[in-house]
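Hi there,

Here is the structure I promised to pass on to you. Have a look at it first, and then read my notes below.

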Amino acid sequence: METLNFPIIRGKTVSKRQLSMDDYVKFVNLNLEYTVDKEANKKQKKLLACNKPFNLT
């Protein structure tokens, strides 16, 4: 097993602000609205879709 060299953090740490679930959902929706290219996403889904019948046996 390899020995990992993690950095040692010195000084004050940033206090973590805890978000409520409502605030978190707002944050995620805001990021998705401005960072996701919906048209490119639709094209990618169409390319990845399976259009051949199959069965699990």
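How many helices and strands are there in the protein chain? There are two helices and zero strands; helices (H or I, at least four residues) and strands (E, at least two) are DSSP runs, numbered from the N terminus.

Before going on, a word on the source. This is a predicted model, in which local features need pLDDT of at least 70 and side-chain atom pairs count only at pLDDT 80 or more, while totals for chains, interfaces and linings use all residues. Residues are numbered from 1 along each chain as its sequence is written, and side-chain values use heavy atoms, leaving out hydrogens and water.

Now the overall form. The protein chain has a radius of gyration of 22 Å, whereas a compact globule of 57 residues would have one near 10 Å. That radius is taken over C-alpha atoms, and the globule rule is 2.2 Å times the number of residues to the power 0.38. Along its principal axes, the C-alpha trace spans about 60 × 40 × 25 Å.

What share of the 57 residues is buried? The answer is 0%, where buried means under 20% relative accessible area, exposed over 50%, and partly exposed in between (1.4 Å probe, protein chains only). The protein chain exposes about 6900 Å², and carbon and sulfur atoms supply 57% of that area; accessible areas come from the Shrake-Rupley method with a 1.4 Å probe, and for residues only the protein chains shown count as cover.

- F6 sits in the segment before α1 (21-35). F6 counts as exposed because its relative accessibility is 64%. Its C-alpha atom is separated by 41 Å from that of A49, 43 residues apart along the chain.
- L19 is also in the segment before α1. With a relative accessible area of 38%, L19 is partly exposed.
- T35 belongs to helix α1. At 60% relative accessible area, T35 is exposed.

Happy exploring!
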